[in-house]
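Please walk me through this structure in plain words. I would like to see how its chains are built and how they are held together.

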Amino acid sequence: MSKELIHLNNISKSFDGQMVLDELDLTIHENEFVTLLGPSGCGKTTTLRILGGFTTPDTGKVIFDGRDITNVPPNKRPLNTVFQKYALFTHMTIAENIAFGLKIKKKSKQYINDKIHYALKLVNLDGYENRMPDSLSGGQQQRIAIARAIVNEPRLLLLDEPLGALDLKLRQEMQYELIRMKNELGITFVYVTHDQEEALTMSDTIVVMNQGYIQQIGSPESIYNEPENAFVADFIGDSNIIPAIMIEDKLVSILGTRFACVDTGFGHNKPVDVVIRPEDVELVAPLDGILQGVVTHLIFKGVHYEMEVMAGGFEWLVHSTALHPVGQEVGIKVDPFNIQIMNKPESEDEEAVSIDI
Amino acid sequence: MKIAAKKIYIALIVLFLYAPIGTLMVLSFNASKTRAKWGGFTFKWYIDLFHNEEILGALLNTLLIAFLSALAATVIGTIASIAMNGMKRRTKSVMMGITNIPMLNAEIVTGISLMLLYISLGLKFGIGTILLSHITFNIPYVILSVMPRMKQLNPSTYEAALDLGASHVTAFYKVVLPDLLPGILSGFLMAFTMSLDDFIITHFTKGVGVDTLSTKIYTEVKKGIKPEMYALSTLIFVTVLILLVLVNRSPEKRTRKYES
Amino acid sequence: MTSKSKWLSAPYALWSVIFIIIPLGMILYYGLTDKTGAFTLDNIIAITTAGHAKALRLSVLLSLVSTLICFLLAYPLAMILANTKTNKHHFIILIFILPMWMNFLLRTLAWQTLLEKNGVINSVLTFLNLPNLKIINTPAAIVLGMVYNFLPFMILPLYNALAKIDKNVINAAHDLGAGSVYTFIRIILPLSVPGIISGITMVFVPALTTFVISALLGGSKLLLIGDVIEQEFTRTSNWHLGSGLSIVLMIFIVINMIASAIFDKDGEGSML
């Protein structure tokens with residue numbers, strides 16, 4: 001990993017007595033694309049606002065490149081923000097918007113003009129200098145907001161659900177655009193979203209948050225394939241989360257039937273939760289399966305069929321390219337590598353804390 | 001420290017706006033007949049008020065004019081808003097421009113212009129002419145409160161009602177009107193308030209012997225205001241205050257309960 | 001809907017023609033004719049006679065001063081209010097409309113009681129060992145009456161304009177390196193222009209044309225242009241002269257209307 005750029009040290013924040021962030025610790029490295037992902041109210045936006053300087057934490061420190069910037073006001077921080085709903089200055093032209101930060105830094109006219117030109121080219125809006133923000137579409141306004149931030153050459157760019165107001169097609173296009181821009185600029189991105197697909201597509205690192213706690217930090221692959229708890233498993237993609245008993249290392253009893261797995265160290269006869277992704281459930285002939293069941297629902301989803309199979313008293317969600325009609329008896333098989341074992345949370349609070357192992 | 005300074009600033013402005021009102025309330029309990037001296041506490045003026053037929057007559061005129069003019073303005077203004085919403089941009093902006101004239105024009109000019117109109121039409125000056133004038137300056141307040149609601153209106157709901165078998169009239173009453181109602185209501189209240197508080201336009205369009213509270217007070221200024229007038233104003237103000245507190249309390253409580 | 005809107009708009013269109021357009025036409029007619037009905041500019045030129053010109057000058061001066069004071073008092077207040085929580089919106093508007101339910105003449109008259117030689121304010125000042133105010137029956141008292149009566153009309157449009165500014169726009173300015181003064185001058189002030197224009201109009205026009213406030217607080221010696229016009233109509237009954245002077249007033253008002261139309265196209269600065 002490259003050099004450490006930001007360290008959030010033990011940050012807590014509450015509003016009106018309600019804890020929004022609880023002793024949050026997070027390190028962000030240079031050149032990383034980090035996504036804060038979680039449902040609304042999980043504390044992701046507050047975290048971003050603390051980074052931007054718009055909110056002061058109750059306790060804890062924000063360290064930027066070794067310097068404590070906790071009490072540095074937003075206008076003195078070496079980072080820039082792309083706001084939700086763009087927050088463009090509607091009374092200024094596009095060029096004036098982009099030049100805003102540079103004029104404050106008293107850059108030369110030539111420099112500013114070059115920068116405007118360069119930034120508009122980067123966001124594919126060449127020639128829009130003299131337009132007013134209101135005459136642009138949502139996607140174009142979003143690009144201007146990005147251009148306005150990056151001309152200041154921040155070392156860190158904060159993005160607060162920047163694609164939230166766009167429609168699906170445009171959102172997907174902008175995701176690739178953002179990745180391209182990040183590679184071209186070589187700066188660190190911290191991105192806030194509640195859209196798991198967006199997070200999986202763009203990030204180097206995903207930070208899954210819930211109720212003010214970090215649930216899991218990891219690459220998109222590890223978050224998807226090895227969720228550390230039921231919340232993460234449930235929030236990222238579809239999954240079957242089934243209560244089970246860990247009989248011994250590498251053997252788990254799911255719905256009374258023994259399945260081989262690869263996890264160790266959970267102890268003997270310990271209640272656990274298992275996560276199995278719907279695409280990892282294999283449907284075979286009844287007798288070839290470990291568990292037998294009946295298909296109860298079937299929907300065609302384009303790439304695959306989505307089925308529900310009643311087996312062992314549990315409704316299994318299954319994605320498969322092979323069709324099994326409703327009413328058909330099937331066998332269920334799961335590759336040991338695809339069974340993810342999780343400790344059962346003892347209380348809701350622990351569900352949150354137990355991850356920082 | 002900064003927050004305290006802000007609060008003090010707000011308090012000073014509110015004090016500035018309400019100090020005369022407080023003064024009038026105090027005067028309504030002043031046993032001395034002159035404003036200048038405090039002669040002890042009394043309820044006398046409140047009792048006298050109900051025997052003062054001149055004041056009660058002016059009060060009745062004022063309330064009648066305010067209610068009728070607000071009502072008429074609300075009907076005309078609401079229909080006009082609906083009509084204007086369906087208009088082409090150009091026609092609409094001309095209409096809105098005309099609507100703005102009574103609001104932006106000086107009251108004295110509006111007053112004398114209406115006076116000249118009534119004279120040339122040979123109308124008899126009295127309640128009727130006051131009423132016509134008040135309706136005229138009240139309509140813009142209704143239009144300006146209903147128009148924003150009109151813009152927010154989703155045309156699909158009206159069409160959905162038609163689609164579900166409602167007639168145009170039913171669709172309007174059941175679907176469009178309820179959506180406009182808050183705007184209509186606040187337009188009515190605004191118009192009522194403006195009419196109640198008007199002096200200048202009434203001054204020019206009233207007839208001899210017909211008085212509203214405002215014109216009655218104006219003629220009394222030279223001779224000295226009767227303390228009953230303070231009592232009446234205090235009663236009106238306190239009544240409105242209580243009504244507003246009641247109206248504003250209940251929905252707030254409801255939403256708070258809902259949130260928690 | 002368009003065909004229907006034609007007859008729906010008929011009542012109001014008719015009403016505005018009879019009660020708005022024609023009356024204004026009558027002022028023009030009376031102002032530009034003499035008693036025999038012949039065309040003349042005398043009634044308008046009459047504004048240059050010493051007494052009338054003095055009244056107009058005083059009106060313009062006092063209304064400009066009042067408008068400025070209203071603006072300076074209201075802007076910080078509107079900024080503070082705009083930053084409070086949004087669910088108090090209605091309550092805030094109410095506080096400033098509520099005084100209207102106490103009769104406007106009585107409210108203004110109450111300032112006499114407050115300002116008098118032995119009035120409430122001077123008693124407080126004496127108690128604090130401060131010099132007494134002697135402003136009753138002076139231009140200062142008229143300005144005070146104007147500021148008092150029209151301040152809400154400055155506060156409400158400013159508040160509405162400022163409350164509309166997205167907090168993130170201000171955050172964005174800070175984020176891009178702007179300090180609070182720079183943000184105020186480059187972002188907040190320009191974005192509140194519709195409210196400023198609307199507020200200025202709502203204060204300047206009634207202040208310029210008032211005859212009541214001067215009558216109540218200015219004593220009998222200080223005449224504003226509104227007083228002159230009022231007397232022409234109610235005492236001297238010279239409608240031609242009164243209308244002519246009104247036309248002069250309307251020139252100021254029209255300039256004001258044009259300015260507000262230019263700066264506030266969408267009616268964003270409206271009071272409601």
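How far apart are the mean positions of the positive and negative charges of chain C? The mean positions of its 16 positive and 11 negative charges lie 6 Å apart. In this count Lys and Arg are positive and Asp and Glu negative, while His and the chain ends are not counted. The place of a charge is taken as NZ of Lys, CZ of Arg, CG of Asp or CD of Glu.

The model is predicted: local features need a pLDDT of at least 70, side-chain atom pairs count only at pLDDT 80 or more, and totals for chains, interfaces and linings use all residues. Residues are numbered from 1 along each chain as its sequence is written, chains are lettered from A and ligands numbered from 1 in the order in which they are written, and side-chain values use heavy atoms, with hydrogens and water left out.

The predictor gives the complex an ipTM of 0.86 and a pTM of 0.83. For single residues the confidence is the pLDDT, which runs from 0 to 100. Chain C averages a pLDDT of 88, and 94% of its residues score at least 70. Chain A averages 90, with 96% of the residues at 70 or above. Over residues 347-357 of chain A, however, the pLDDT is below 50. Beyond near neighbours in sequence, this stretch has 15 contacts in the model, a contact being heavy atoms within 4.5 Å.

Chain C can be described next. Its secondary structure comes to 13 helices and zero strands. Helices (H or I, at least four residues) and strands (E, at least two) are DSSP runs, numbered from the N terminus. The C-alpha trace of chain C spans about 70 × 70 × 35 Å along its principal axes. Of its 272 residues, 56% count as buried. Buried means under 20% relative accessible area, exposed means over 50%, and partly exposed lies in between, with a 1.4 Å probe and protein chains only. The accessible surface of chain C comes to about 12000 Å², and carbon and sulfur atoms hold 71% of it. Such areas come from the Shrake-Rupley method with a 1.4 Å probe, and for residues only the protein chains shown count as cover. Among contacts in chain C between residues at least 6 apart in sequence, 71% join residues at least 24 apart.

Chain A has nine helices and 20 strands. Its C-alpha trace spans about 80 × 45 × 40 Å along the principal axes. Buried residues make up 52% of its 357 residues. Chain A exposes about 16200 Å², and carbon and sulfur atoms supply 49% of that area. Of the contacts in chain A between residues at least 6 apart in sequence, 65% join residues at least 24 apart. The chain has 31 positive and 50 negative charges, and their mean positions are 13 Å apart.

Some of these charges pair up. Over all chains, a search of the whole structure finds 18 salt bridges, each a side-chain nitrogen of Lys or Arg within 4 Å of a carboxyl oxygen of Asp or Glu. In one of them, A:Asp65 pairs with A:Arg155, and the closest N and O atoms are 2.8 Å apart. A:Asp65 lies in the loop between strand 4 (59-64) and strand 5 (67-68) of chain A, and A:Arg155 in the loop between helix 4 (138-150) and strand 7 (156-160), so the pair ties together parts that are 90 residues apart in sequence. A:Asp65 is partly exposed at 33% relative accessibility, and A:Arg155 is partly exposed at 32%.

A second bridge joins A:Glu198 and A:Arg171, with the closest N and O atoms 3.9 Å apart. A:Glu198 is in helix 6 (residues 196-202) of chain A and A:Arg171 in helix 5 (residues 168-185), so this pair ties together parts that are 27 residues apart in sequence. Both A:Glu198 and A:Arg171 are buried. Through shared partners, salt bridges also join A:Lys3, A:Glu30, A:Asp65 and A:Arg155 into one network.

In chain B, the side chains of B:Lys206 and B:Asp211 meet in a salt bridge, at 3.6 Å from N to O. Both residues, B:Lys206 and B:Asp211, are buried. B:Asn154 sits in the loop between helix 6 (127-152) and helix 7 (155-163) of chain B, and is partly exposed at 40% relative accessibility. B:Asn154 and B:Asp179 are 25 residues apart in sequence and 9.4 Å apart in space, C-alpha to C-alpha.

Finally, which chains touch? Two pairs of chains do, and the most contacts are between chains B and C. No contact joins chain A and chain B, whose closest C-alpha atoms lie 13 Å apart.

How values were computed. pLDDT is the predictor's confidence in each residue, from 0 to 100.
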